[in-house]
Structures are given as structure tokens and as C-alpha cells.
Amino acid sequence: MKAAELRQSILQAAVQGKLVPQDLHDEPASVLLERIHAEKARLVKEGKIKKEKPLPPIAEDEIPYDLPEGWVWCRLSDVGEIVGGSTPDTSNASYYTDPGNGIPWITPADMKNAIENTIYRGKKDITADGYNSCSTRIVPKGSIIFSSRAPIGLIAFAGNDLCTNQGFKSVIPYIMDLRNWIYYSLQNKTEDIINRAPGTTFKEVSGTFMQKEIIPLPPLAEQQRIVAKVNELMTLCDELEAAEQELEALENRFEEYLPKSILQAAVQGKLVHQDLHDEPASVLLERIRAEKARLVKEGKIKKEKPLPPITEDEIPYDLPDGWIWSRLGDICYIIMGQSPDGTSVIDKRNVINGIEFHQGKSYFSDKYLKRSTQVTTDPKKIAMENSVLLAVRAPVGSVNITTREICIGRGLCALLPLCKMTSDFLFYFLKSMEEDFVSKATGTTFIAITAETIRNQLFPLPPLAEQQRIVAKVNELMALCEEIKAVKTKPIEQRDTNRIIDFPVAKQEEQLQLAARGEISKKPSAELLQAIDDMFAEDE
Amino acid sequence: MAVSNTTKALKDIMRIDAGINGDAQYIEQIAWLLFLKAFDFKEKDWELEDDYVPVIPEEYRWRNWAEDDEGITGDALIEHVENMFRALRNLDVSDGDPRKFLVRDVMEGVNNFMKSGTLLRQVINKINADINFEEVKTTHLFNGIYESMLKDLQSAGKAGEFYTPRPVTRFVVDKVNPQLGEIVLDPACGTGGFLTSVIDRFEINTTDEYRTLQKTIKGIEKKPFPFLLCVTNLIAHGIDVPLIRHDNTLRHPVDQYRLEDKVDVIVTNPPFGGAEEKAISQSVPAELRTTETADLFLVHIMALLKDGGRCGMVLPDGFLFGTGVKAAIKKKLLEGNNLHTIVRLPKDVFAPYTNINTNLLFFTKGKPTQGVWFYRLEMPQGYKHFSKTRPMLDEHFAPVHEWWNNRKESEVSQYVPVEDIIAAEYNLDFCGFPHETTEILPPDEFITQYRQEKAILTDRIESILAKIQTALAQEDVQ
């Protein structure tokens, strides 16, 4: 998400004085700093704050960049008091009360409930007793709440007087007008603070650490101009972020649905052109029926009861010329799995005379069945080589192809296409039907698809030659879909950045443009989409 | 007899021929045969004039080589056809007769693919048996023939361009109501569905009316094949020399249209989805530049209409809710035209070519829009979706016909004042269909839709970035 990076970049420009022009008529920050010091001294004198140990002056090597004229560097302790928090004894119920009934008390976990950079209260309030029982301190409204551990860097304004647990080092500005500036300066240095924080597994910054942190201080008038500008820009960044998220969601939907869409086009005959010279599927269907009759006669397969004729109402879409609607029971030999006797199923390593056994879809991959670790010596139902396997018991609908003879249990059904039809086309068809099968599954404890449902399932039968062309094209397209997915994870240097130049880019903002557009250009590249488009065009 | 039987019969003969490899070739073959037959039919008319000199050389006139069932066949026929192509492609046009230009242009763009003269003879005989231009009614049959051929071409085809169902063209034309004498243009005319719907409305009785008709029906088509079909279609509808240009409307800069280019009426269904080279978008002003062809067409249409000119057109849903450039185009549309009505069509009207939701926009150029009436045309009772076998019919437009002249707000209709549209940043997505579960689109359309949505989002991101840059630049550091 580039919006986040853009926010960083805006803050960076803000604290370096590059966001708005300086005005030499502004009261210099050095004078402002004097005033803050005077205010601090007054508060000490009135006993409202404790006198702190003076900190060393800011050394040359602490300064990370040059400031514009009129600005000065200062330590956080120059501009505000750093206060921590504490937790009343959690075993004492009288210390805690429902939100709204006591003193708001914030933990880092509550920070996600901040509204527009402002936190009002946490999940619990603490009672006056609770407050007095520990060292937590009231932080007045407008102070900057900054978490100092687990994790470091959660930041918000206090929306009202509140206190915190020990996970914060909050800043109470000596002059409240400074608060927005302190907020953004701290936000800008969060990453730096985390990097320098002591601790390896559990990082935490102390009050002294925070007191010593340096921030740039612009003239007050300029602070106000910068803050107004930053606020304006941050709102735009929010819009950008929302648009980016929508784009991301769109990309994800695209990746999910493109393969489905390709399969749908494939089984509807829209993926490759029909060839007038192909043997029509009606002739193929006759041959399949003849072959089936022969197999029955030879006793190789069992005689099945005839399937009902296909009615107009059942037909979900129009088929191209040369195709014909059939039923799965027509065009393939269907074997419902049956589990072998449990004692016959053993771990592969111990067996000499056995056959690989699959109870369900545990060893399904994207397309071809992986090897199971189990074998059986007493197979009940055999799925022949090149059968398409369909998961028929909860969860239903997944499909795979087996490249070898296996025994199937009752979670699976094997469909063997007749007449040398490619099992790939049947595979892709069943894959396109997955959601349909789920909706057709019945049962209360286990949902399952019945043999009848499978046999009666309509199947769009293309000419044999076209099946092969479709399969070749689907394979190719599926590989391209995978590539689209891969684009996301590829590092940006390897992506085509040329198209960024397509946009009119004002020179001085080029950097910003690049940063902001990197995200946009990295998703499915124009080339890949073109490749897919071309594949559709190829046949015309 | 059913149209599909003729096309199927022709296809069955041709599939045996070694020279025919795909739908495109089969359709092209039939197209030029039909063209020659139609042209010969027209020549018979023209011969009634005393001084008529035939355009097509005697031996290549349809009546002389094709009409006789027992006529020339086999290799001799193939040789004859080859000679005919040569002769017609080199027709002497020095006398400037537009009819000769037409024949020459058409024949230059097509080929004879069939290798077997015997099969070609069978095809010709089938065409002669089934298509008779002398019976007026059969012109409808003839339309049907190549519309069903076009379906063949499209069902395997690409997104963008598709045949507009006759009920849709008839509805649009009925509402735009062109009068004889008004110049009617379809800048993306395809096979001429809108134009023939216009012609069908006119009652031509006098010679004057006939002459007027000849000069006022215009079309532009980019693709050679629909162009040829459109020419033949108009010839079949009584236009002697159809004023159809084989050209891309989007190629011409919008600011260079002259007075004589402007028209009274535009009825069209421009291609959606954008498959144009980048340079094409340069024809419109920078702030209206986009790759979506339908949007570009709209910009051109606004420029092509005379003041007071009327338009009825089909546009995809994306236009209604689009932002960025689409919003800029809508702003221009509303400011310079009275966009009085948007009819939201039920899904699958264009099935099986596309499932994208579409709309009919009606506007008159000249006065700014005060408000837009939206009407949502619901799927007729008993229909879940339209298909090739159950397409949309004329009577399905009945509810909107009824509403048109007596407009009231209702569940399916809404009047939206222009201020509300402007306040919604030119969103025209009113009175839409309730959201339905995601249907899986065909890949090409899915990619088109994805690109459109992505373009909309990218536009939005672009416009936010532009705002950020403006905010940054306002007080640029000196």
C-alpha cells in the first residue's frame, strides 16, 4: 500500500520544512523556545511539575539534517513533560469500573479504538481508589499519548483527561499550541525510535530516552501552516488508501474468478473455434454408446438402467454447432467408491501385494492425484488409469485425475471417459461444476452426492478433436493465470516500470509519482493481460 | 422456412470443402455471394430506366452464371469465379458511377475460399432456392440469414462488438423517431441493424421520397466484414448505393467536423470495452481522453449532432457510475445536451455475446439537461435470462412504451434533477437493478470488465494524486 509510504514522505517533508515556504517575518523558533522555557520554569516554580535534571546540549552528531532558517532543534523535554503510567492491582475489583464511570485508563491494546487520531477511553476505567493505588498520572486533554512498549509508537491525542498503564510515555506540551507539531514530529520519528530502542526480544523506551529525543522546532506560525497542510494531505492519503484497498480487492477478485471464467468458457465452447471438419459430437455419442454396449456384452462393465431423455428445461445454455448435450452416465463409466475392509488397509511400507488406496481427497493436488501412503490387499472398487476422481462426501466437488490404477473408498467416485476421450476435458468440466455439486449434495451429517446425481448430470459433449484443442488452450491459460498471481510476489525491480511513463509527470513530482504508482503498476501487467487476450484472438 | 435451416444447410455443404477452415471464411464466402445476388437484383430495377448501362459485365451478372441450377459447375465454375474477381476488382470507374466504386470496393475486400466448384454450385443453388429478393417479405429472411451467420461468428468471438437485437434497435428508433428527410447516422453501424430499423419505419410512395431516402441514411463501419454485410443489407432494403463508409469514426478529430458532416439523428450501439490503439483517443480533447471506445463514441456523437439533433444509443453500466474522465464526458453531455431519458435494460439482452449490463441513453443536443428520467426495464415474467433460444422480444418493451408518454415515478422509474447528479459527481447510476450474486462472465468480458473497473479506480487514484500534488504545489518552497 503506497498510501502509507506517501504519509511517511509527507511527514518527512513536513519536519524538514519542505512542505510550506518559510516566512521571514515569522517570530523565529529560538524566541518561541525561550517562551516555552519560561513557561516551564513558571510551572516548576508553581510546583505543578518537578524540576528535571538538565539534559546535555544537542551535539552536532545528533543532528540528522539541516533545518531551514528560523528553525531550531530541541529535545522533547524542552517542549513537554514526559509522563508514564501504571496499572492498579488487577486482582482488586474495586480499582476498576465500566467505561464512563471512572477515570479513563488506556492500554496499548485500546489504541486501535482511536477516532481521528484521538483516544477517549479504554475497555475499562479505573476508580479514584485505583488511581491513588498506583503511580499512574492524569494526562490532560490534548496531550500526546505515545506507546513505549508492546508495541512502540502507537500515537494519539488525549480526547479528555485520562491516564495510561505503564506502556506509554506521553507528552504533555508546556504550550498546548505545540501539540499538533509534537504529534507529527513524533509520528515521523517512530520508526527511528523503534530502531534505536533498547531490548532485543522485548523493546521498550524509557522516559529518559524520550526526554532526550530531538525534534525540529519551526516558528509557531509556520507550525500552524504546516499542520494545516499535513492535515489536508493526510485526508487525501486516507482517500488514496481507500481506493488502493478497493483496487486490491478488485485484483483479488480478478485472480479468483479468471480461472473460473476460463473454465466456463471452455465448457461452453467459447474458448476455441469450432472446426467445420470435425466429426460432430452426435456421431461421437453414438460411438460411445456402441462401445458401452459392447463392454456390457463382453461383461466388462455392468448394465446400467437407461438415463432419462434430456428435456428443454434442463439445458442451461446454448451449445455451439457440432456439440451435443449428454449425461455423464452416457459418456463415461462411473464407479462409486466403496471402502475395503479396514484390516486390509495398511501402511505402504509393510506390503508386497496391495493396491494404492484412497479414501477421500486427502491426496488431491491441483490436477493429478498424489500418491497415498496406504494400500489395501482387498480392494472393492478400482479406479482405472486416467479416471477422473470426484470427491462425493463432505467436502464434495473437488476433482483430480489419477494416472494409475487405484482402489477408491466411499469418499470418491471415478469417472472414466469412453472412446478415448481425453480425461482432461472431463476434469475441467467437473472442476467448473464444483459449486453446482456442492449445491446438489444432500445429507444431514455428511453431505454427499449420489450416483444418480452424477449419472444424470448434463455434460456438454464437444467433438473429439475440439476437446483436445480446448484442453490445450485451457492448460495454457491456466499457466498464465498462475503467472498473474506470481506478479504480485515479484520484487518491483523485475516488474515492467515502463508504463509509468505513460502518465504525464511533472518533473519535480516525479519521485512522488513513482512512489505512489509503484503499487498500481505492479499488479497483473498489461503484457500478461495482453497475452491472455491474444490467446482468445489466436483462432480468429 | 426457418432462417437457421438455410445457414445450417449452407454450412453443411461448405464444411466438406477443403478451402473453408473456419467460421470467418464461411461467412465471407456467403457474404459476397449474397452481395452479387442482391446487386443483380438491383440492376434489374435500374434497367427499367432507359439509358441504363450495366455496372457488372454481362458474363458476371448473377443471372447469367449463377441463377441456373444446372449451370456452370466444377473446375469451370472456379475458373469463372476467379476471372470474375479479377474483372470486378479492376472495374473501370472512370465515369465516376458510385455503383461501380461500390462493386469494386466490395470485391477487393473479399475472397473466394471454396476450392470445389461442385460444392460452390450447391451453395449457389441453395442461396437461389431460399433467398428471393423479389418477394419483399423475404428481405426479412435475408436479414435473418446473415444475422444468424453473424451470431456464429460472434459466439466464438471477441468482446466489443455485437449484433444488436432487433427489438432493441426498433425501440430506440421508435423513441428517437427520425423523419424522412432527416439525415440519420450510425457511426458504428455494424451490419446496419439500426439503419434498417429506420428504413423500415418509412413509407416510401413517391419517387421524391425514394430519392430522399437514398441520400439520408448513413453509416460508418470499421471492420471489413460487417461493412460488406451492411452494404448488402441496405441494398436489400432498397438503397441503391448505400452511404456506408468503411472507416473508423474515432479516427477523425472531433474539432474538425464540418457543417456537412453533422446530422439530425444518431442511433447506435458503439463497441464497448476499448480495443483501440492509443492514438485513436487523440481525436478528442485531452480532458476527455480514454481508451473506452464507447465513451469516445459518445464524445464524437456530441460533435456530430446538429443543434437540436437527437440521439438514442446503447452504453454499458460502467459509463453511468464511472468517475474521472467518464465524469468529464458526462458533464459535457449534461451541459450541452438534454439527456432526458435513460432506460436500464435487463441483463442478457445481448446474450450470448455479452452479459454486461447495458442502458439506452436518449438525448437532444443544444439545451442543457434539467433532469433525467430513469426507467428500469425488468426481466419479463417467466424469464430468468435471455438466450439464443429465448431472446428479447418487441413486446418485452411494452412497459416502457406505456410509461414513455405518461411518466410517473415508481419502483422502476425515477426523475433525478440535474443538481443531484452534479452533487453526486456525475453519477448516473440511478434506478439500477438490485445487486445479484456474482455471475461468472466469459473471460474476454471478464477481462474487459476488470480493466474498466481498474481504470475507474486508477482514475480515482490519479485524481487523488493530482489533488495531493496540487496541495503540495500551492505553496511550493522557493
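**Figure 1. Helices α1(A) and α5(A) lie oblique to each other.** In this predicted model, helix α1 (residues 2–15) of chain A and helix α5 (residues 179–196) of chain A have axes that come within 9 Å and cross at roughly 120°. The crossing of α1(A) past α5(A) is left-handed. On the α1(A) side, the contact is made by Gln8(A), Leu11(A), Gln12(A), Ala14(A) and Val15(A). Helix α5(A) contributes Trp181(A), Tyr184(A), Ser185(A), Gln187(A) and Asn188(A).

**Figure 2. A salt bridge joins Glu39(A) and Arg42(A) within one helix.** The N to O distance between the two side chains is 2.6 Å. Both residues belong to helix α2 (residues 29–45) of chain A, where they are three residues apart, about one turn of the helix. Glu39(A) has 22% relative accessibility and counts as partly exposed. Arg42(A) is also partly exposed, at 37%.

**Figure 3. A salt bridge joins Glu356(A) of a strand to Arg371(A) of a loop.** Here the N to O distance is 2.9 Å. Glu356(A) is part of strand β15 (residues 355–358) of chain A, and Arg371(A) is in the loop between β15 and β16 (374–376) of chain A, so the pair ties together parts that are 15 residues apart in sequence. Arg371(A) is exposed, with a relative accessible area of 53%.

**Figure 4. In chain B, Asp40(B) and Arg63(B) form a salt bridge that belongs to a network.** The side chains of this pair meet at 3.0 Å, N to O. Asp40(B) sits in helix α2 (residues 23–46) of chain B and Arg63(B) in helix α3 (residues 62–65) of chain B, so placed that the pair links distant parts of the chain, 23 residues apart. Asp40(B) is buried, with a relative accessible area of 3%, whereas Arg63(B) is partly exposed at 21% relative accessibility. Which residues does the network join? Salt bridges with shared partners connect Asp40(B), Glu43(B), Glu47(B), Glu58(B), Arg61(B) and Arg63(B). Over all chains, the count of salt bridges comes to 66.

**Figure 5. The largest nonpolar core has 137 residues.** The members that touch the most other members are Leu19(A), Leu186(A), Leu217(A), Leu328(A), Ile331(A) and Leu415(A). Helix α7 (residues 220–267) of chain A supplies the largest share of this core, 20 residues.

**Figure 6. Chain A contains 15 helices and 22 strands.** What percentage of the 540 residues in chain A is buried? Buried residues account for 50% of them. Contacts in chain A between residues at least 6 apart in sequence can be sorted by their separation along the chain. Of these contacts, 75% join residues at least 24 apart.

Technical notes:
Residues numbered from 1 in each chain as written. Chains lettered and ligands numbered in written order. Predicted model: local features only at pLDDT ≥ 70, side-chain atom pairs only at ≥ 80, totals over all residues. Heavy atoms only, no water. Core = buried A, V, L, I, M, F, W, Y, C linked by side-chain atoms within 4.5 Å. Buried < 20%, exposed > 50% of the residue type's maximum accessible area, 1.4 Å probe, protein only. Helix = DSSP H or I, 4+ residues; strand = E, 2+ residues; numbered from the N terminus. Salt bridge = Lys/Arg side-chain N within 4 Å of Asp/Glu carboxyl O. Axes fitted to C-alpha atoms, helices over the stretch in contact; angles between N-to-C directions. Parallel < 35°, antiparallel > 145°, perpendicular 65-115°, else oblique. Left-handed = near helix turned anticlockwise from the far one by under 90°. Contact = heavy atoms within 4.5 Å.
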